[in-house]
Amino acid sequence: MAVEIPTYDVLVVGGGLAGIRAAIAAAEAAPKLKIGMVSKVYPMRSHTVSAEGGIAAVLREPDSFDGHAYDTIKGSDYLADQDVVEVFVREAPLEVIQMEHWGCPWSREPDGRISVRPFGGMTTWRTVFAADKSGFHMLHTVFQTSLQFPQIERLDEFFVTSLINEDGRCQGVIGFDMRSGEIQSLAARSVILATGGNGRIYAFTTNGAICTGDGMALAYRAGVPLKDMEFVQFHPTGMPSTGILITEAVRGEGGYLTNADGERFLTNYVPNKMELGPRDIISRAMVTEFEAGRGLKGPYGDYMNLDVRHLGSEVINRKLPFMRELMGEYMGIDIVSDPMPVRPVEHYMMGGVDTDASGRTPLPGLYAAGECANAGINGANRLGSNSLPECLVFGAAAGRAAAQDAQAVKAPGANPIGGLVKDERKRIEDGFLERTTGDQRVGEIREDLQKAMDRGVAVFRTKEGLTRALKDLAQLRERFARVRLDDHSRTFNTELVAVLELENMLDGAETIVASALARDESRGSHARRDFPERNDEKYLAHTLAYHVPGGQPRLEYRPVRITNWQPQARTY
Amino acid sequence: MATDTIQLSVARYDPAVDQAPRQQTYEIPYQDDMVVLDALNWIKTHLDGSVNYRWSCRMGICGSCGMKVNGTPRLGCSVFLRDYLPGPVVVEPLPNFPVIRDLVIDMTSFMEKLASVKPWIISHDRAPALAAGEHRQTPAQVEQYRQFSMCINCMLCYAACPVIAIEPHFVGPAAIALARRYDLDSRDHAGQERLRTVTGSDAIWDCSFIGECSAVCPKGVDPAKAIQQTKFESTLGMLLPWGGFR
């Protein structure tokens, strides 16, 4: 009995901002193509929904493309590929206008023009926003817009477990529909990964539960390198209890960051920028103050005060209403009358699947965009409000490139795919779902992974700490080999999803630690206490981590591409 | 009084083995700052990995974790155990939906209803050039539709809706609120094209402005108002020669 394999021209994995933008771009570029959009959650649950502050784009005079490019490159500590940044800043305004035409409820000036606000590391006001729910509004706008394209077929709550890599080309994916639990293949002429970051490898993170780096791990295991994984962004202002993001827009709108002495301590770190310094430097300043005993003490450890009382309730209600809601609900604090407690929190992965400016990975037929990818614009530190335009610009570019590619190749053959599905079924069903031996719980291994990363791979790093993290990961791998599920049902088995996510998290964490251990310098978010200086002679280069089955990742380096901006000391 | 532990009674259902849903009780360590979602996560991590529910952002914006808590539709991430002391806290799937497994409901019907109301900008100019730049839209014009744009699709309003309970094909509160969101947007010119999608079935007239939907909305959206406005527009459309729209 021959089972027909669903076949797509372009298959997008991930239904967040980058994925949906890619699907629409592919549909517009070639309306006759059949496009699949697979997501492990309903698209509007994607983590884009939690982005708050806004999206950077050069909209009008006196701002300039050069200005946005320079800020981004300096912010990256000169690890950005400058040719890609130049493409990025030119495309970003078009994407903001596209979102406007699709109905995004941007905040507006009295004359009806789109408003902009200041943001960290940006030398001028260029962050477009929808109050402090920018990501939520963008995601719902682009998702609802996508519903008018009949050629985009959604597979909601479908979990992808591997890529089909045959004859040197990505020809689809294998995975399962969570409702039926049936492991099956989806064939495709081209595949786009847009699965987000893997912040959940940390315990204290702004990221939602779904941010487990699935696409990164899928590409990695298929032989595609992960680039610059050592660069992990810690956002200065997380809610101390839960890690919920307190937007940088709080400081953009004029909020003060003060220590236990009530002092705006950033005068000693970024005197010219103060609260609008870049995230890596402010997070380091906060940790340094904590270590000097100048943090406030709370039930969740040291914290700083983020104060907007001087802005008044009118500005707070109009521009930061969600912050007032979140602090009220989860901390019992009214930010109109009391400062917000905050501390640095894992937020974003600069690293990701190696791509060019069109989202192409080194594996033909495979593309990637958004946080799961690394096109080269963020380098060692992403500037706040550069990730939403990144999703749109590179999502759209990948969609167009994948559509073009799909029209040039033949449909994948069914024969090799059948065998691959059989192997994958065995791996997942025998290895996890039906296995009744083992003594390790999924959730407990995950918790210990998160603790190990919080402890050893945080704002400041040392060789000792990273080496210990590496040992922790090796032990966690051993425990993972003894994992046993409580749930053996095929129907909506979230424990099965969780164990496969955990595998992806372990892969991602391993590349982060290995890449961090090998970079004996401090650059952007990668701050080594034992190597406090930047070393351009040796490390003005991207780290490429390749999967070695059963072993440590193999690391290679690729020089950074510099066009107009020579590396300089990075002071603010 | 300090409490060390609290009991959670969780609805369990696996269609492969269960004839009907049953409640299973777990005892977990209690802390003052725990929400119901934290309690479920504690159970899943440490006691029973087979409990199934949806969640992600844990900050009331992704809309995944709608569930019935002690009889009321709530977001699991926004409801504190401390409000239910001494327990037990009874957690069940949202009513008015088929149950797939445990707390996981089947929301396929909502996804179809959402698409059916054409929740996108329908403009005179089908594809305005990006080079033409932004539409002007004043803060007052944004304010016209803003509250209806805050819907997170969490399904609490469908769970609370007495009309859906009787007429499952009713488009329902969230989808009508989102249709209204586009109707009220100065960039949109859909007029009757979208209005017809909402008033096409009779069910909207069964809504008697009870307002349960608006009462349970965790984001301050007022779907009941959207439904009333839609009925009003529709009535005008029948009475006035120009269709009553703009």
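This is a predicted model: local features need pLDDT of at least 70, side-chain atom pairs count only at pLDDT 80 or more; totals for chains, interfaces and linings use all residues.
**View 1. How enclosed is strand β15 of chain A?** This strand covers residues 340-349 of chain A, and 10 of its 10 residues are buried, so the rest of the structure largely encloses it. A residue counts as buried here because 20 or more other C-beta atoms lie within 10 Å of its own.

**View 2. Two domains of chain A and the contact between them.** Chain A is divided into domain 1 (237-344) and domain 2 (417-533). Taken over C-alpha atoms, the centres of these domains of chain A are separated by 32 Å. Five residues of domain 1 of chain A are in contact with five residues of domain 2 of chain A. On the domain 1 side, helix α7 (residues 279-291) of chain A supplies the largest share, four residues. By class, that side of domain 1 of chain A holds two nonpolar, one polar and two charged residues.

**View 3. An open sheet in chain B.** Moving to chain B, five strands form an open sheet with mixed pairing, in the order β2-β1-β5-β3-β4. At the edges stand β2 (22-29) and β4 of chain B, each with a single partner strand, so one side of each has no neighbour in the sheet. From one strand to the next, the twist averages 35°. Helix α1(B) packs on this sheet, touching β1 (5-12), β2, β3 and β5 (89-92) of chain B. The direction of α1(B) makes about 90° with that of β2(B).

**View 4. A closer look at β3 and β4 of chain B.** Which way do β3(B) and β4(B) run relative to each other? They run antiparallel, with four bridges joining them. Within this part of the sheet, B:Met67 stands opposite B:Arg74, a residue of β4(B).

**View 5. Where the two domains of chain B touch.** Chain B is divided into domain 1 (5-105) and domain 2 (108-239). Their centres, taken over C-alpha atoms, are separated by 30 Å. The contact takes 11 residues from domain 1 of chain B and 13 residues from domain 2 of chain B. The strands of the previous view return here: β3 (66-69) and β4 (72-75) of chain B are the elements that give two or more residues to the domain 1 side. That side of domain 1 of chain B divides into five nonpolar, five polar and one charged residue.

**View 6. Chain B meets chain A.** This contact takes 44 residues from chain B and 47 residues from chain A. On the chain B side, the elements giving two or more residues are α1 (36-47), β6 (99-101) and α3 (139-146). The residues on that side of chain B divide into 18 nonpolar, 15 polar and 11 charged. As for confidence, the predictor gives the complex an ipTM of 0.97 and a pTM of 0.97. For chain B, the mean pLDDT is 93, and 94% of its residues reach 70 or more.

Definitions and conventions. Residues are numbered from 1 along each chain as its sequence is written. Chains are lettered from A and ligands numbered from 1 in the order in which they are written. Two residues are in contact if their C-beta atoms, placed from the backbone, lie within 7 Å. Ala, Val, Leu, Ile, Met, Phe, Trp, Tyr, Cys and Pro count as nonpolar, Asp, Glu, Lys and Arg as charged, and the others, Gly among them, as polar. Domain bounds come from an automatic or database domain assignment. Two strands pair if DSSP finds at least two bridges between them. Axes are lines fitted to C-alpha atoms, for helices over the stretch in contact, and angles run from 0 to 180 degrees between N-to-C directions. pLDDT is the predictor's confidence in each residue, from 0 to 100. A residue is buried if 20 or more other C-beta atoms lie within 10 Å of its own, exposed if 12 or fewer, and partly exposed in between; C-beta atoms are placed from the backbone.
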